[in-house]
Amino acid sequence: MAAINAGEPSDNASCVSSGETMDDSPYAPLPPPLAAAATGDVEALRRLSESMETLLRSRDLDFCSDAKVAVGGREIPVHRCVLISRSPFFRALFKAGEGVKVVDLREVLGGGGVVEVGGEAFMGVLGYMYTGRVGQVSKGACECVDEGCAHIGCRPAVDFMVEVLFASYVFQIPELVVLFQRHLLDILEKVAVDDVLVILSVANMCEKACIRLLTKCIQIVVKSDLDIISLEKAIPLEIVKKIMDMRLNLGFTTPESVGYPDKHVKRVLRALDSDDVELVRMLLTEAQNATLDDAYALHYAVAYCDSKTTGELLDIGLADVNHRNPRGYTVLHVAAMRRDPKIIVSLLTKGARPSDLTFDGRNALHISKRLTKAIDYYRCTEEGAVSPKDRLCIEILEQAERRDPLLGEASVSLAKAGDDLRMKLLYLENRVGLAKLLFPMEAKVAMDIAQVDGTLEFTLGVSSNNSTGKKRSTVDLNEAPFRIKEEHLARIRALSKTVELGKRFFPRCSEVLNKIMDDDDLNELAFLANATSEERLLKRKRYMELQDVLGKAFTKDKEELDKSTAISSSSSSTPRRRDTQHAC
């Protein structure tokens, strides 16, 4: 986004463009002496603005800051005198809390769960307070991952603008509120109707300051295909009522547009709200002709319930995972909009088709890309760093479209284990444990779906509590094969499913784990049961040493990555794509 003033044109309309020029001025040209003086004033103001920007963005000058604002997992050094002079909000905040050193942005802004101001948006507002200009933000902060998108009305662009709008309203910077309200009005026709609800909610929170924006959003939603349940989940009830009344006045008569579904459907949805899948089953039994598809129950669970409830509903096996709702969305389309990788994997394993298109020609991958911020997608790629959920959703859907999971054994080590159940269990424990360390987000997705609540051997066989609250006994590797307990066999099945899910949806991670598990030093650690007591002790010690080294290495890498991210997001430099195991 190019730097602009509140009345200065921008050369980049993808995120923010003032829409004004200086050529339409109604005033006559200044006499030469006055024009020269005015030019000098403009140059002085430009230099002052640049100096203030240096004060804000240069880490070499952090020593002169006297407060910090915590946002997005980092603390941004600020100068109270600047914030106090530019914002009545900060004036009252610092006066009431004399001596305050750190301000938590989430606490002071609130937002009621509707909007959370991120680091890029806050830096945009902060830059304006320091320099008088809406300056540059990191490339990709208001761009999605879809290369075919103009980045005018995609979700990252919308999020950036509503975050700046809301922060400007709370900080009481009216000229910035006016500017970004105008930008949002200019792009509303290009915004997906589901994202219009986000703009509507924030405009409503800004009250009279954004009445034009609120009115325009309501007009768009009234004419849309959004049903009353979607509206009630996203916007205040008084606005929902207003929209319903306007639809009736316009003659809309479909059940989805004017009111609630029938009584039975409402009972099913209420049961899902209570996470009571057993009650859902009972309701289906009572109503002989009713089905989950009639109630679009799976769509509802994927959109609004937790992943556990969604998984239980899937396990009933009475819903079509490729069923379309009245808007033409399959369940996978809704899951892509929610951006939960675990739900997406669960649907794909149950037969959801990634190739199905919405009525306007989008598949789940396209939806996911349009919702994902480019700067987040390319930022977190180092091994040991947690992958963003949005990035995982895209990778999972891309892999599902390719349909080329790794075949055969997970690695040479597992092949060597052969039919020895003890060796296979130990191998699986170690592999999943390493996955937790190296690829925590990917491992969590696979383990949750496979219902693996932890690993044994990776923690040297210490007992842990499972999700049911019962103690799980440790594996005695000296037991004869015929004495291995049923729970150990069940655990082998669960761990194997975890590895298979990893192979299918996270092939790059699986390849890394294969190399580690097949390394000679680590490979020996998978056969502790064949060693003497002294050898087992030495190998376990070696195992713990390697675990410690890996942990420290990835912790250091993450610290370096966070440091470089902080610098990148506070400057105008373009984030580079890193050539790592996660690189595209």
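Strand S1 (residues 67–71) and strand S3 run parallel and are joined by three bridges; strands here are DSSP runs (E, at least two residues), as helices are (H or I, at least four), numbered from the N terminus. The model is predicted, so local features need pLDDT of at least 70 and side-chain atom pairs count only at pLDDT 80 or more, while totals for chains, interfaces and linings use all residues. Residues are numbered from 1 along each chain as its sequence is written, and side-chain values use heavy atoms, with hydrogens and water left out.

Within the pairing of these strands, Val69 stands opposite Val103 in S3. The sheet is open, with three strands in the order S2-S1-S3 and mixed pairing, where two strands pair if DSSP finds at least two bridges between them. Strand S2 (74–78) and strand S3 (102–104) are at the edges, each with a single partner strand, so one side of each has no neighbour in the sheet. From one strand to the next, the twist averages 30 degrees. Across S1 and S2 lies helix H5 (residues 119–131), running at about 0 degrees to S2; such angles run from 0 to 180 degrees between N-to-C directions, and axes are lines fitted to C-alpha atoms, for helices over the stretch in contact.

The largest nonpolar core has 154 residues, of which Leu126, Phe171, Leu213, Leu313 and Leu347 touch the most other members. Such a core is a set of buried Ala, Val, Leu, Ile, Met, Phe, Trp, Tyr and Cys residues joined through side-chain atoms within 4.5 Å; buried means under 20% relative accessible area, exposed over 50% and partly exposed in between (1.4 Å probe, protein chains only). Helix H6 (residues 155–170) supplies the largest share of this core, ten residues. Leaving aside residues up to four places away in sequence, Leu313 touches Leu272, Val277, Val280, Leu292, Ala297, Leu298 and Ala301, contact meaning heavy atoms within 4.5 Å.

Helix H17 (residues 331–338) is largely enclosed by the rest of the structure, because six of its eight residues are buried. These are Val331, Leu332, His333, Val334, Ala335 and Ala336. Their cover includes helix H15 (297–304), helix H18 (341–349), helix H19 (364–371) and helix H21 (389–402). Just after H17, Arg339 adopts a positive phi of about 65 degrees.

Ala446, Met447, Ile449 and Ala450 of H24 make the contact with Ala494, Lys497, Thr498 and Leu501 of H25.
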